[in-house]
Amino acid sequence: MSTSPDLTARPRGPVATVVIHNPARRNAMTPAMWRQLPVLLDGLEADPAVRVLVLTGAAGTFCAGADLGDLDELLAAGDGSIAVAAEERLAAFGRPTVAAIEGACVGGGCQLAVACDLRLASAEARFGVPPARLGLVYPAPTTRRLAALVGPSAAKHLLFSSELVDAERALRIGLVDEVLPAGELAGRVTTLTATIAERSRLTVAAAKEIVDGRADADRLAWWHAQVRDSGEAREGVAAMNERRPPRFGWTPPTAH
């Protein structure tokens, strides 16, 4: 792997892994990497073979934050920053997303992790939201997403104090979904993503939209029509009755 900062995508069967790689800065996101992420996600979303996305960091660190080299550009952008654009694109990715977190998950790294659907962490992972230490205003979309995940009080604690919290506290407040002993994270991520990839794509895609609040009445009617027309539910019930794995065949239409 190159020593220069970049993001790499590794599709393997139904699971694609995006790796944050900036070893000299503990995988901090550079401006080029923020711009690269939406482009990379567009390509993966266009690949019908990809059913689950994993986001992780290289060399035992998830992401230590954002590169703040051009502070004037950052201040001028406000909520229109390239980091927010990348976060929003990740949150809107059309397949389930899983953050696999080791080491530091701070600032921009926490921003990316919270934009994923699920977060699995190694027991030695540490989390922090540092704008109050830097005199910055955390972007409104990012703040709202964090508060929706952990609740107002826990979000305020993270934002007001800028303290690092360990993986067990992150689990208690809902910042992560599972904490694994050192050395077991990769195996659990592999097992979980394989399980998700075997499930009905229709069910998973609809569930993601509904939970995220992106399905209006017309869209819900569309989803129910997909269930009726696809035969997905009949196959699922038949497989359960016959005690065999289901053979789900629905794929996302290219346009609807």
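The structure is a predicted model. E87 sits in helix α3 and K208 in helix α10. The largest nonpolar core holds 48 residues, and a separate second core holds 12. The second largest pocket has a volume of about 630 Å³, and K208 is among the residues nearest its centre.

**E87**

- Helix α3, which carries E87, spans residues 82-91.
- The relative accessible area of E87 is 1%, so this residue counts as buried, the cut-off being under 20%.
- A polar contact of 2.5 Å joins the side chain of E87 to the side chain of R145.
- Beyond residues up to four places away in sequence, E87 touches R145, Q111, A115, P141 and T142.

**K208**

- Helix α10, where K208 is placed, runs over residues 201-211.
- K208 is also classed as buried, because its relative accessibility is 9% and the limit is under 20%.
- With residues up to four places away in sequence left out, K208 touches A91, F93, R95, P96, T97, D117 and R214.

**Nonpolar cores**

- In soluble globular proteins, nonpolar side chains tend to be buried together.
- Within the largest nonpolar core, the residues that touch the most other members are I20, F62, I101, F127, L146 and L175.
- Helix α1, residues 31-45, gives the most to this core, contributing six residues.
- L146 is in contact with L175 and also with V114, V129, G151, A155, L158 and L159, leaving aside neighbours within four places in sequence.
- The second core is separate and includes V54, L120, L180 and A197 among its 12 residues.

**Second largest pocket**

- Twenty residues line the second largest pocket, and those nearest its centre are C116, D117, K208, V211 and D212.
- Two or more lining residues come from each of α3, α4 (108-115), β6 (118-122), α6 (140-150) and α10.
- Helix α10 gives the largest share of this lining, with four residues.
- By class, the lining of this pocket comprises 13 nonpolar and seven charged residues, with no polar residues.
- Two of the residues nearest the pocket centre, D117 and K208, also touch each other.

Conventions. Residues numbered from 1 in each chain as written. Predicted model: local features only at pLDDT ≥ 70, side-chain atom pairs only at ≥ 80, totals over all residues. Heavy atoms only, no water. Buried < 20%, exposed > 50% of the residue type's maximum accessible area, 1.4 Å probe, protein only. Polar contact = N/O pair within 3.5 Å; in protein donor to acceptor, adjacent residues only side chain to side chain. Contact = heavy atoms within 4.5 Å. Core = buried A, V, L, I, M, F, W, Y, C linked by side-chain atoms within 4.5 Å. 1 Å grid on protein atoms, 1.4 Å probe; cavity = no way out; pocket = protein on both sides within 12 Å on 5 of 7 lines; lining within 4 Å. Points joined across faces, edges and corners; volume = space filled by probe spheres on them. Nonpolar A, V, L, I, M, F, W, Y, C, P; charged D, E, K, R; others polar.
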